[in-house]
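This report describes helix packing, salt bridges and a surface patch. Please consult the sequence and the structure shown here.

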Amino acid sequence: MANMKMEKNPMPEQDPVVRAGNFDEVALGYTPEMAMDEAKRCLNCHNMPCRSGCPVSVRIPEFIAKVAAGDFDAAYEIITSTNSLPAVCGRVCPQEKQCESKCVRGIKGEAVGIGRLERFVADYHMNKEVKDEVKVPESNGHRVAVVGSGPASLTCAGDLRKMGYDVTIYEAFHKPGGVLVYGIPQFRLPKEIVAAEVENLKKMGVKIITDAIIGKSITVDELFEDEKYEAVFVGSGAGLPQFLRIPGENLLGVYSANELLTRVNLMKAYRDDYDTPIKHFNRVAVVGAGNVAMDASRVAKRLGAEHVYITYRRGKDELPARKEEVEHAEAEGIEFNLLNNPVAIIGDETGHVTGIELVKQELGEPDEKGRRKPVPIEGSNWVLDVDTVIIAIGTSPNPLIRNTTGGLTFTKKGGIEANEVGQTSREGVFAGGDAVTGAATVILAMGAGKAGAKGIDEYIKSKQ
């Protein structure tokens with residue numbers, strides 16, 4: 001019997017006052033009873049509109065029906081038939097813009113909590129005492145190299161391995177996971193979860209080589225010529241931070257959100273038993289208002305900052321971050337300084353940040369994308385006293401591959417040009433994720449990894 005409750009079951013969370021002082025996960029996950037109750041809200045629509053909203057085509061109504069029946073193992077089988085990283089997706093996917101935005105229950109009330117159910121199933125599987133044997137697909141004798149180990153690469157590697165390819169991932173950092181480990185904070189996506197998903201791929205037979213910088217330690221050409229790979233998938237992400245190009249950006253106490261998050265997440269600056277160098281924050285301005293800005297502001301708060309201000313040139317309705325992230329930040333005491341644009345960062349004679357000069361904005365006419373353009377109000381400049389400025393206005397792809405790989409073409413923003421199955425202008429080289437699009441979401445990168453695996457499979461078969 002369907003449960004016709006209008007609202008979805010709320011997600012249990014740590015108390016905001018408590019969690020603002022720790023790095024433990026904020027959302028605590030459904031209990032089996034909550035999950036089954038939520039699953040019963042699904043109408044099991046015949047034409048499954050939710051699936052059309054999922055970049056990796058999870059068989060949503062099928063897995064939800066299994067949760068409703070209490071068969072969580074079968075639900076896990078169904079999800080992982082198309083999605084290699086369910087515990088990650090259940091946590092960081094913007095479901096409200098994807099699967100849940102198409103859910104029929106959302107017309108009168110709230111959509112089914114698809115993401116929450118996916119997370120529940122993945123966590124249930126991960127916490128089982130007796131793990132199922134991971135199936136190791138038989139080798140088809142063909143070898144593929146994957147550059148990077150973020151969401152696009154992990155998905156591509158997982159899908160290729162399931163088809164029988166021998167896959168080796170080359171990762172520049174000392175830990176696999178890409179943006180999932182260096183970009184997204186522990187309280188939103190625990191590192192243990194990513195490590196467990198990576199472990200699953202290794203058990204399936206995916207090889208991972210860390211501390212290998214493609215373009216430095218080994219080039220794409222050498223992967224073909226010396227290592228004899230038949231195809232290469234480039235999923236190297238967008239790790240190059242963008243800056244504001246305003247006076248004072250080179251003062252001490254100015255960080256890119258990328259650097260801050262990498263120091264805290266990958267180099268564990270949040271733990272007392274690590275001596276990763278990190279500044280002691282007190283008053284922090286974060287410039288930008290996307291998910292990364294929310295992450296950076298919440299990290300600064302947890303590292304002891306008394307005041308953290310989100311500084312953004314548009315208003316509340318235009319915030320690009322997920323609604324849930326904005327609500328979490330507000331609950332934790334992050335202060336929003338909207339309709340303010342930075343024009344300079346101010347420092348003292350020792351070169352340390354003492355403030356940020358802002359100019360107030362009003363919203364003018366909508367631009368071609370329909371977003372109202374911020375217009376500065378003349379003579380409204382003012383200075384906010386801060387000792388730290390974190391810049392979170394986006395990232396672009398690292399130019400290393402661009403500078404060391406012949407035969408590729410690039411977009412104006414530095415992304416690799418690739419078609420819908422990831423094929424680039426160079427034969428045998430495929431690409432996907434942020435390395436192609438510039439910074440976007442985890443799930444879109446996963447969708448690109450999936451498409452790339454399909455493209456590589458078709459390409460290698462066509463040459464036989």
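## Helix packing around H7

A crossing is called left-handed if the near helix is turned anticlockwise from the far one by less than a right angle. In this predicted model, H4 passes H7 in such a left-handed crossing. Helix H4 spans residues 60-68 and helix H7 residues 114-126; the two pack at an angle of about 60 degrees, and their axes are 11 Å apart. H4 is therefore oblique to H7. On the H4 side, the contact is made by Ile60, Phe63, Ile64 and Val67, which meet Ile114, Leu117, Glu118 and Val121 of H7.

Helix H5, residues 72-80, also packs with H7, here at an angle of about 110 degrees and with the axes 9 Å apart. That angle makes H5 roughly perpendicular to H7. H5 contributes Phe72, Asp73, Ala75, Tyr76 and Ile79 to this contact, and H7 contributes Glu118, Phe120, Val121, Ala122, Tyr124 and His125.

## Salt bridges

The whole structure contains 26 salt bridges. One of them joins Lys8 to Glu100, with 2.8 Å between the closest N and O atoms. This pair links distant parts of the chain, 92 residues apart: Lys8 lies in the segment before H1, whereas Glu100 lies in the loop between helix H6 (86-92) and H7.

## Nonpolar surface patch

Met4, Leu43, Val104 and Ile107 make a nonpolar surface patch of about 380 Å². Of these residues, Met4 is placed in the segment before helix H1 (16-19).

Terms used. Residues numbered from 1 in each chain as written. Predicted model: local features only at pLDDT ≥ 70, side-chain atom pairs only at ≥ 80, totals over all residues. Heavy atoms only, no water. Patch = residues over 30% accessible without salt bridge, like charges linked within 9 Å, V, L, I, M, F, W, Y side chains within 5 Å. Areas by Shrake-Rupley, 256 points an atom, 1.4 Å probe, with all protein chains shown as cover. Salt bridge = Lys/Arg side-chain N within 4 Å of Asp/Glu carboxyl O. Helix = DSSP H or I, 4+ residues; strand = E, 2+ residues; numbered from the N terminus. Axes fitted to C-alpha atoms, helices over the stretch in contact; angles between N-to-C directions. Parallel < 35°, antiparallel > 145°, perpendicular 65-115°, else oblique. Contact = heavy atoms within 4.5 Å.
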